[in-house]
Amino acid sequence: MGIKNWVSVMTAATLAVSITGCSVRDMAASGMVSFGNKYMSPWFMASNDTDIMCAMGEGMAAMTYPMGPNIDPMIPMVTLASGMCADEKAKQEELRFLRAMHKDDVTTAQDARTMQKRWTALSAERQYFGYQAAVRYFGEPGKECPDFADDNEEMAYLFGMFGALQAVQMDLAVGGVAGVPLDVMPKALEGLKCVNSDKFWGLPDAILAVVDISKSNLDGDEDAVKLGKARLQKAARAGEEEGVRMVHLVEAAMYVTQGDEAAVKEVIRKHVEMIEETPPNPDLNLLDKMTTRGLRLISDKLWTAHTGQRTPFGKFGTFWDDQVISDDSMDIEDLL
Amino acid sequence: MKTRIMNHISKIVAGLGAGLILSSAQAAAPVPIKMCAFMFMGEGGPEHQALLDYQAAALNWGAKLEMKSYVNDKIVAEELKSGTCDIANMPSLQARAFNKFTGTLDAPASMPTYAHLETVLQTLAKPSAAKYMRNGDYEIIGIQPAGAVFIFTNDKTVKNISDLAGKKMAVLDTMPEMRQLVVDLGMTPVSSTLTNIFQKFNNKAIDITGAPAFVYDMMELHKGLEPNGGILENPVMQGNTQFVGRTSKLPEGFAQKSREYFVKNFDQTLKFVREAEEKIPKDLWIPLGEQAQKDYRVQTRQIRISFRDDNIYDAKMLTLLRKIRCKKDATLAECTSPDAE
């Protein structure tokens with residue numbers, strides 16, 4: 001490029017910065033968000049490799065966080081990924097704890113608990129950071145619903161609220177060391193009501209249904225529990241029809257909290273059958289894969305608690321106490 | 001010579017025999033014990049996390065706890081009675097059915113500060129107190145603090161207990177003693193469930209509620225306190241969870257080590273609660289003046305005595321609590337009262 005052209009470009013850029021008041025950093029951040037929405041996000045969402053999600057979340061943090069307020073709409077997605085990454089490490093430590101307890105190895109069990117808590121605290125911090133970015137950009141939830149410019153903004157808001165709920169739950173589990181304020185929970189639940197649930201695979205409605213079911217269980221209100229479960233199934237169908245089965249993970253997590261192992265197994269079996277019969281939405285492949293990954297971790301926990309080892313390879317969807325010989329098999333005495 | 005060789009061989013055999021006995025004792029597997037685990041927030045929640053640490057520690061004391069989770073404390077108590085499990089944890093109200101002595105720890109205003117509570121729990125964890133922990137085949141094997149419970153009122157002008165008269169307070173239908181306490185304090189009880197008790201306060205359907213400090217943020221109690229509400233600085237009681245075991249099923253020494261475990265973790269257990277208390281805006285706390293403090297002590301003492309006379313509270317525990325209050329402050333009027341608890 002000639003010197004004349006170079007000077008023209010620099011003049012134009014300087015003028016743009018002066019007129020708009022935007023710094024180079026702000027422009028870069030806006031550009032990043034725009035690039036992310038148009039190219040990165042669709043690519044990631046369509047990918048198969050859930051480990052990339054983990055690496056992306058952790059890797060992009062250093063690059064995006066210093067970019068100032070204009071990068072805020074992107075942060076909830078990044079922190080959801082990095083938060084889930086830390087959470088998975090916590091869950092692997094939980095499996096180590098269970099294996100140690102299986103062998104009566106107290107020292108290893110206690111060491112695993114320490115590591116589990118460290119990773120859980122880190123996950124809570126990361127997820128809370130994402131919620132804070134959502135609040136900076138969209139305003140505090142619980143008052144008015146924000147005006148979303150497009151589906152990407154609405155999805156960012158959903159991830160921010162979902163991350164907030166994860167953050168509170170995790171921080172409570174480690175005695176509040178991550179400093180997540182407890183009032184984030186009711187605010188995030190209100191915020192979820194601003195997101196179109198059918199558009200986002202039934203996820204918001206599923207979470208709200210789970211909260212209602214938990215409350216009804218505590219009150220012993222069986223009719224309300226039934227209503228809540230019907231809402232949960234309706235939300236699940238919204239996602240299943242789109243080939244995004246994230247609600248299965250919400251369902252399974254609820255039954256884990258309730259200590260209902262039989263119901264957890266049923267959800268896992270249902271999920272495995274469904275993903276074999278119906279492929280995921282190709283544009284949202286990653287979300288379905290992340291769901292399967294999360295359910296496999298739950299399966300690993302059940303297997304480890306009962307047998308000392310995680311879900312055997314190729315056996316996801318089966319359980320250690322499954323009937324080996326079917327009822328309709330023939331008796332040898334009838335054949336000979 | 002032959003005798004010397006024989007003696008030598010005998011010693012070797014004796015030594016081998018002792019070694020075998022010793023190693024088999026050391027290798028003794030922990031005793032499996034079923035535990036009914038009360039977890040209000042469900043599996044994976046904060047109570048469960050604390051119980052996992054307890055479960056790991058229990059291995060060192062000779063027991064392998066197989067935990068089953070429950071969200072209903074009444075059912076937990078029933079399961080322990082029926083023999084479904086041999087250890088269960090539950091709020092002190094439920095624990096009272098197994099040990100009236102320790103079940104009196106939630107007596108109103110009996111432990112005004114965490115310092116009082118710590119002294120009480122350390123006293124109860126000493127080996128000399130072990131006999132008080134046993135009642136028939138049940139034994140209290142741990143007392144875990146759950147945080148001070150405060151009175152939240154929508155009227156900051158409340159300066160003493162008498163000002164609460166006529167105010168509406170939510171009570172749980174599953175807790176008839178709570179209703180009695182509310183009536184004795186001069187308030188009007190309003191039936192509620194566990195999950196709508198704070199909603200009623202926020203919607204102004206009731207004037208008063210009781211809760212530990214961490215509920216302030218979690219249930220957005222600022223909505224119920226606005227515009228003129230506050231929180232009485234004097235806690236109304238010290239919440240606690242008690243671990244009850246069936247003595248005949250516990251390994252030797254387990255109960256004592258378990259009691260010491262909870263005392264050792266006192267500060268860590270209360271850290272979260274204390275931080276929540278610090279986070280509450282300072283201008284929301286309602287301090288009771290000197291006279292109001294005296295009135296408060298007199299009124300709550302009357303309630304404790306009344307519950308004692310109705311055979312709900314244990315007299316010995318009330319005496320212990322009074323002695324510890326007087327050890328910390330000998331100037332209290334009750335310390336020289338002829339009818340001290």
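**Domains, a helix pair and a chain contact**

In this predicted model, chain A is divided into domain 1, which covers 24-37 + 48-195, and domain 2, which covers 196-319. The centres of domain 1 of chain A and domain 2 of chain A, taken over C-alpha atoms, are separated by 20 Å. Their contact draws 17 residues from domain 1 of chain A and 20 residues from domain 2 of chain A.

On the side of domain 1 of chain A that touches domain 2 of chain A, the elements giving two or more residues are α3 (50-64), α4 (75-102), α6 and α7 of chain A. The largest share of that side, seven residues, is supplied by α4(A). By class, the residues of this side of domain 1 are nine nonpolar, three polar and five charged.

Next comes a pair of helices in chain A. The axes of helix α9 (residues 222-241) of chain A and helix α10 (residues 246-258) of chain A come within 8 Å and cross at roughly 150 degrees. Angles over 145 degrees count as roughly antiparallel, and α9(A) and α10(A) are therefore roughly antiparallel to each other. From α9(A), the contact is made by A:Leu232, A:Ala235, A:Ala236 and A:Gly239; from α10(A), by A:Met246, A:Val247, A:His248 and A:Glu251. Five of these residues are nonpolar, two polar and one charged.

The last topic is the contact between chains. Here 23 residues come from chain A and 27 residues from chain B. On the side of chain A that touches chain B, two or more residues are given by each of α5 (106-138), α6 (151-173), α7 (184-192), α8 (203-219) and α10 of chain A. That side has eleven nonpolar, seven polar and five charged residues.

Definitions and conventions. Residues are numbered from 1 along each chain as its sequence is written. Chains are lettered from A and ligands numbered from 1 in the order in which they are written. This is a predicted model: local features need pLDDT of at least 70, side-chain atom pairs count only at pLDDT 80 or more; totals for chains, interfaces and linings use all residues. Axes are lines fitted to C-alpha atoms, for helices over the stretch in contact, and angles run from 0 to 180 degrees between N-to-C directions. Helices (H or I, at least four residues) and strands (E, at least two) are DSSP runs, numbered from the N terminus. Angles under 35 degrees count as roughly parallel, over 145 as roughly antiparallel, 65 to 115 as roughly perpendicular and the rest as oblique. Two residues are in contact if their C-beta atoms, placed from the backbone, lie within 7 Å. Ala, Val, Leu, Ile, Met, Phe, Trp, Tyr, Cys and Pro count as nonpolar, Asp, Glu, Lys and Arg as charged, and the others, Gly among them, as polar. Domain bounds come from an automatic or database domain assignment.
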